[in-house]
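Please read the notes below with the structure open beside you, and check each point against the residues as you go.

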Amino acid sequence: MLFEVWAPQAEDRVSLWLEGAERPMERAEGRPGWWMTEADAGDGARYGFALDGGHVLPDPRSRRQPDGPDGTSAIVDQDAYEWRHAWAGRGLGGAVLYELHIGTYTREGTLDAAAEHLGELAELGITHVELMPLCPFPGVHGWGYEGVSPWAVHEPYGGPEALKRFVDTAHGHGLGVVLDVVHNHLGPSGNHLPAFGPYFTDTHHTPWGAAVNLDAPGSDEVRAYLLGSALAWLRDYRLDGLRLDAVHALADTRALTFLEELSAAVDALSGDLGRPLFLIAESDLGDPRTTTPREAGGLGLHAQWNDDHHHALHTTLTGESQGYYADFAATPLAAVAKTLTHAFFHDGTYSSFRGRTHGRPLDVTITPAHRFLGYAQTHDQIGNRAQGDRLSATLSPGLLACAAALVLTGPFVPMLFMGEEWGARTPWQFFTDHTDPELAEAVRNGRRREFAAHGWAPDQIPDPQDPATRARSCLDRTECSREPHARLLAWHRELIALRRTQPDLTDPDLEAVKVAYDESARWLAYRRGDTLVAINLAKEATGIPLGAGARVLACWDPVEPPGADGVLRLPPESCVVLAEG
């Protein structure tokens, strides 16, 4: 088989070390910086590369790291797995996503253990599972955003074949699979790319140090490296989409941006494979061009997370007003109304958190609602809190039901965070497993300093390196059979079923969403076609003028439809979905 590596940093020679034996490599003709050789090798064979007689390093394009990021690579025969289920693909239209972290979804923390519960998600009505990053990182447990080897699967999760089994099982249940990938940085430990070539550049600086090289000398190859990785996940593992972490942190000044290049490549692969593929951006820019088609001058990504909508929901439900919540908290129901109808809250308005105007208006006449994901909780919005507390730690079951209604009947593609469907009480905290003692201590102290600025004592901040922090973050499925969890689970199931059967709830027309609210009385109602949703967040019953003639489709508490006076009388901290006609 052919072994090749891009290693322009090598001055004189590059060697392939295969199963402990050294083999010289030759410069590839017409491919500057590339070295190649051929050798007999099969699935599982261990190998690595040595530059100028140095240490053996893992392959930058390694598909498997059996001993972790610092070990040698292993060959993976991508044709060896026998797929059991044919799969035509599943796009974002009408989708309901479920964000899942393999390491805490079960106590075992493996892909195989998680796969055993996929039938439950299908029964709930989920259409796609969105996996948090799977690339190798030091140790066993972590969030995954400090990964290296972006072509490989974390071995403690089960490695590459376990991912194929997971995807195959998901497809057998009718579930699509989305993977969170990180292109804006690599982890600080186990990252050997700088030894090979200019994968990073000091031209730009990011919160993680030198930027991934997308526009400096050598960036053509770096782009090809990241593009190849993205396409490999979609092609070799039959994934349906990728979530792109923090695309606003990609430093890229080239005329043709990396994101445009990636979206074009994914669309081309979709055509070749004959099934829908999509890219979902995490972006802090408030810029409609992120998901505007390339032919209309945009980047061509297919959807983006909508943190503005989350912040509006969060402040409305909790009353929190610190940090970036401040602008939303001033008139929270007005913020919810604006995001329900215009997606962005900051669309050229002043952001007190940033100290400047932020965002750009969205043209709702041409932008379908499925360009945005809507959610009340995510790994970021839970795990980046000091104690990793979920909404269920402070909100009543009724308010949790209201949050579910706002997400699952709203105009955007809904996304739940694992356990949210039953109001899980387990926290989801920040945890790491760094094998470098100095790095571990730096992360621990950095976390404490970050929250000390907000009044938290050091002993109140969970130690990321303590195994108990990860253990606390694992889901407790025994909750599902107890109240109020069982009732919340049934409510989520009912709302998702309603989303399938009521065409109004998947109508992509944002311009057709009509909202009314009373900030002081704390109620909000919105219309989507002939479907009405009413939310009462107050601690006392309220009357909401909806008009006569509607019938109840689903309700958290028993409620009568509006009477002849057209007023809906809704119990405290409750919600209802109605239909006219």
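1. The buried residues of helix α9 pack against α7 (307-318), α8 (326-329), β21 and β22. Here contact means heavy atoms within 4.5 Å, and buried means under 20% relative accessible area, with exposed over 50% and partly exposed in between (1.4 Å probe, protein chains only). Helix α9 is mostly covered, since 8 of its 11 residues are buried, and these are P332, L333, A335, V336, A337, T339, L340 and T341. Just after α9, A343 takes a positive phi of about 70°.

2. A word on the basis of these notes: this is a predicted model, in which local features need pLDDT of at least 70 and side-chain atom pairs count only at pLDDT 80 or more, while totals for chains, interfaces and linings use all residues. Residues are numbered from 1 along each chain as its sequence is written, and side-chain values use heavy atoms, with hydrogens and water left out. Helices (H or I, at least four residues) and strands (E, at least two) are DSSP runs, numbered from the N terminus.

3. An open sheet of 5 strands has the order β21-β22-β23-β27-β25, with antiparallel pairing; two strands pair if DSSP finds at least two bridges between them. The strands β21 (514-518) and β25 (550-555) stand at the edges with a single partner strand each, so one side of each is left without a neighbour in the sheet. On average, and with direction ignored, neighbouring strands of this sheet are turned by 20° against each other. Helix α9 (residues 332-342) packs on the sheet, where α9 touches β21 and β22 (523-528), and the direction of α9 makes about 175° with that of β21. Axes are lines fitted to C-alpha atoms, for helices over the stretch in contact, and angles run from 0 to 180 degrees between N-to-C directions.

4. Within the sheet, 5 bridges join β21 to β22, which run antiparallel, and the bridge partner of D518 in β22 is W523. These two strands, β21 and β22, form a hairpin with 4 residues between them, and R522 in the turn has a positive phi of about 60°. Strand β23 (residues 531-536) is joined by 6 bridges to strand β27 (residues 574-580), and the two run antiparallel; L532 has L578 of β27 as its bridge partner.

5. Which angle do helices α11 and α14 make where they pack? Helix α11 (residues 397-408) and helix α14 (residues 485-501) pack at about 20°, with their axes 10 Å apart. That makes α11 roughly parallel to α14, a label used for angles under 35 degrees, whereas over 145 counts as roughly antiparallel, 65 to 115 as roughly perpendicular and the rest as oblique. The residues of this contact of α11 with α14 divide into 11 nonpolar, 1 polar and 1 charged, where Ala, Val, Leu, Ile, Met, Phe, Trp, Tyr, Cys and Pro count as nonpolar, Asp, Glu, Lys and Arg as charged, and the others, Gly among them, as polar.

6. Two loop residues deserve a look. D52 has a positive phi of about 55° although D52 is not a glycine, and D52 lies in the loop between β6 (46-51) and β7 (56-57), where D52 is partly exposed, with a relative accessible area of 33%. A246, in the loop between β14 (241-244) and α6, has a positive phi near 40°, and at 7% relative accessibility A246 counts as buried.
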